[in-house]
Amino acid sequence: MSRTDRGSSPEDPVFVTPGETPAAAAADLRIEGLRKSFGAEEVLRGIDLAVAPHEVVCLIGASGSGKSTLLRCVNLLERIDAGAIWLGGQLITGPGVDENLVRRHIGIVFQSFNLFPHMTVERNITLAPMKVLGLSRAEAAERATELLDRFGLAEKRSDYPDRLSGGQQQRVAIIRALAMRPRLMLLDEVTSALDPELVADVLDVIRELANGGMTMLIATHEMGFARDIASRVCFLADGQIVEQAPPGQLFTEPSDERTRRFLRRIVDAGRM
Amino acid sequence: MRQTTAAAVAALTLMAASAGLAGCASSTSSSTSSASSSAGTGASTSTGASAAACTFAGVQGELYTKGVLTVATDQPAYPPWFENNKPSNGQGYESAVAYAVAAQLGFKASQVKWAYEPFDSSYAPGLKKFDFDINEISYSAARAQVVTFSDSYYDVQQALVALKSSPIVTKHTPADLKTYVFGDQVGTTSLAFINSKIQPTQTPKVFETLNDVKQALQTKQIAALVTDTPTAQYISSSEIPGSVMVAQFPSTGEHYGLLFAKGNPLVGCVNKALATLRSNGTLSQLATKYLQIYTSVPTIQP
Amino acid sequence: MAEAQGLPDLSARRSRLLGSSDRRGLVLSIASTVVVLAAVLAVFLLAPGSRQVRHTFFNPTDMWRAFVGKPSAGYYSVGEALWLNIRMFVTAEILILILALVVAVVRQSTGPVLLPLRLVGTVYVDVARGVPLILIIFAIGFGVPALQIRGISSQSAAVYGVAALVFSYSAYVSEVYRAGLSSVHRSQAAAARSLGLSGWASMRHVVLPQAIRIIIPPLLNDFISLQKDTALVGLLGSIEANKAAELYSDTVFNYSSYTVAAILFLLLTIPLARFTDHLIARDQARRLAGARL
């Protein structure tokens, strides 16, 4: 892969066949036999998962089941111990892969937003497009404006993250990831740290992305939202995908006992 | 109510303190050793000090520690003024002079104790921890306002030491001298001499200790070092191989004196002792023995 | 009223004498400060040796003479000598900030390629912090000339002094940088890398700017300390402010020249400290836009 390619654009020679529009350029993700340990503790014990282009897959499971670790492995923040990951048909976990290049095509949003506090909202969004994709300041600003308008945050562009509410910060984090025009979006419990009335705004954003055709892998506790938006829900326990099925099926007739127990606990906690 | 009382107390204390300051500050008189027995410069009028008062018994009242003559000097104590860095061995010009003065006052050698006093603090105000300080300290009128000096125990000339390979060895006309970088030790009068008499174009380097000056000479950071003739003689003959005492400069009337606390009456008896030692030839004998100034050290003009 | 609902009266207490509690607090603090200062001053002025000490340390005539200097009498101007200190610490600080950053970034790196450099960095920091600065000054200031290397061995004492200061201080400052770098939560670096920024770019745009903001107070501390340590270069023979003060003092047997040097250094330090406070406050204000905390 050339280091000078602009990535994530219709001209990208790697992921897109000529003529496709960006939304249609959403890539597919394939994970096989993924294993990851931290020291002596094996957190992921053989994950097999395929996400088709434009598909939205939700990961549910208890804390510590490995959802975050799985997402971090996909965008190469963690080095995997065994297995392989393909993005858009290309192996991204082999030797000789340029991680920086891969990460341009994968957007990830974290539970704790992780906006850059020393930069304005606009600068947060335009930093990577300018430094990584080589966009000019004007081009990057235009991209930022388009996204901020689309998600109703235009008047916050010159504010610092400290001045925004949690929900606003998370939406900016999503916008920041989108500014790179990724082929795949990973969302790691993005509403868990928010107050309930702010959650709805963020979920709306995600819903819109899904409707726009973005391939998404979402780790979430919001069961109602998962049922709404996912084409498939995967239940993780003890480092493995215990069960995966369309939400209608998984939530009403889970086939595995562990899934049943988990869902029962969720219902009891009033989260469903 | 408690808090307002506290504030009132504070205000009253403040007023009292200010009144106290105004009243007392102007009337403090210095109470270090009787300022009335005035400004002794190096002049040797031992006002009414009778022969009896300058005996061992007579001077006891003026001593730092009774029964003991406490003499101070710096560390390291350099040859030829001291030997082996041990002032108590009586060798070296200044050590010998100190013991000779002590003998004149009736002290046995065992009744002389040595103290360490860095030069920079020897003239600090307040009580001194010694009776007198002997440390190649030159008399000057400004200095004599702060401390009391004895009469001269050595008349000093400045001299030059350089490496044999240095051009200054052969080229040292007054005009030539202005072009060199000189070095000297802080606290000596050499810097004043260099700047007022030689007037070089480049700022001289001033080092904390004589050893640093010697080091600078050996590493060629300075062209020549300036110090008093006996020290120069010793350095060039015994300490720095490949060095030579180029010449000495004419006397400017400089002399070394013993340093006393301002107004210390002991200086009277010490001056008498020095006068005796000078007239009976002891001082010149010691100079010949330790300072090795024979004849003909060449003298050049600055 | 408030009491009726179980809460005590929350409005600010008013005192008959001094008004609201804010004002009372202010009066008390002013009064107590003045009292303490007056007491210290009283002790100083009422001591038996006070007059002599004031003459020895605070005599205006001597202070002026020392400030102006008179080379032919054996002493230089303290004010002029200060200029040498200023040039030395400005040069040194610039070099220190750069060298320390390089050392810190190298030591924080994780790639195997940089392992030898990391080892060198660790040894350097241990040695430079372990050896007293005064010894380093002597080693460089007397050692390098002794080597008689053409060109390098014939620099002025100030050059060697600056080299020694840079060698010593960069080690301390690199540790300050490292503290700053590790105090930036690694989620920041993760977020930056996730956007496709290279390790170097994420350091430069995301981690380092945050780290530096955090460590400005200790950096300033080290800078102020550096300003004072330029005095040690006087050991190599150069006439800097403290040496000039010493020359005056030894010539005339009066310490007021040291007071002049101290005042001059204070005049350098205090505006610098206030300016830095202002920078920090301005950055905070911009980020928080009026919030109190």
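## Confidence in the model

Chain A has a mean pLDDT of 86, and 90% of its residues reach 70 or more. The stretch of residues 1–24 of chain A stands apart: the pLDDT there is below 50. Beyond near neighbours in sequence, this stretch has 33 contacts in the model. Keep in mind that this is a predicted model.

## Chain A as a whole

Chain A holds nine helices and 10 strands. Along its principal axes, the C-alpha trace of chain A spans about 55 × 45 × 40 Å.

How much of chain A is buried? Of the 272 residues, 47% are. Now take the contacts in chain A with a separation of 6 or more. Residues 24 or more positions apart account for 68% of them.

## A covered strand

Strand E3 of chain A covers residues 56–61. The strand is mostly covered: six of its six residues are buried. Val56(A), Cys58(A) and Ile60(A) point one way from E3(A). Val57(A), Leu59(A) and Gly61(A) point the other way. Both sets are buried.

Which strands pair with E3(A)? One is strand E8 of chain A, residues 215–219, which pairs with E3(A) in the parallel sense over four bridges. Here Val56(A) has Met216(A) in E8(A) as its bridge partner. Another is strand E9 of chain A, residues 232–237. Five bridges join E9(A) to E3(A), and the two run parallel. Leu59(A) has Cys234(A) in E9(A) as its bridge partner.

## An open sheet

Chain A also has an open sheet of four strands. Their order is E2-E1-E4-E5, and the pairing is antiparallel. Why do strand E2 (41–51) and strand E5 (90–91) of chain A stand at the edges? Each has a single partner strand, so one side of each is left without a neighbour in the sheet.

Strand E1 of chain A (residues 29–38) and strand E4 of chain A (residues 82–87) are joined by five bridges and run antiparallel. Ile31(A) stands opposite Ile85(A) in E4(A).

## A loop residue

Leu135(A) sits in the loop between helix H3 (121–131) and helix H4 (137–150) of chain A. Is Leu135(A) buried or partly exposed? A residue needs 20 or more C-beta neighbours within 10 Å to be buried. Leu135(A) has 19 inside 10 Å, so it counts as partly exposed.

Leaving aside neighbours within four places in sequence, Leu135(A) is in contact with Pro129(A), Met130(A) and Ala140(A). Val97(A) is 38 residues away from Leu135(A) along the chain, and 24 Å separate their C-alpha atoms.

## Where chains A and C touch

The contact between chains C and A takes 19 residues from chain C and 20 residues from chain A. On the side of chain C, helix H8 (186–194), helix H9 (199–229) and helix H11 (256–288) are the elements that give two or more residues. By class, that side of chain C has nine nonpolar, seven polar and three charged residues.

## Two domains in chain B

Chain B is divided into domain 1 (51–155 + 253–291) and domain 2 (158–248). The centres of the two domains of chain B, taken over C-alpha atoms, are 28 Å apart. Eight residues of domain 1 and seven residues of domain 2 make up the contact between them. On the side of domain 1 that touches domain 2, five residues are nonpolar, one is polar and two are charged.

Key:
Residues numbered from 1 in each chain as written. Chains lettered and ligands numbered in written order. Predicted model: local features only at pLDDT ≥ 70, side-chain atom pairs only at ≥ 80, totals over all residues. pLDDT = per-residue confidence, 0-100. Contact = placed C-beta atoms within 7 Å. Domains from an automatic or database assignment. Nonpolar A, V, L, I, M, F, W, Y, C, P; charged D, E, K, R; others polar. Buried ≥ 20, exposed ≤ 12 C-beta atoms within 10 Å, placed from the backbone. Pairing = 2+ DSSP bridges.
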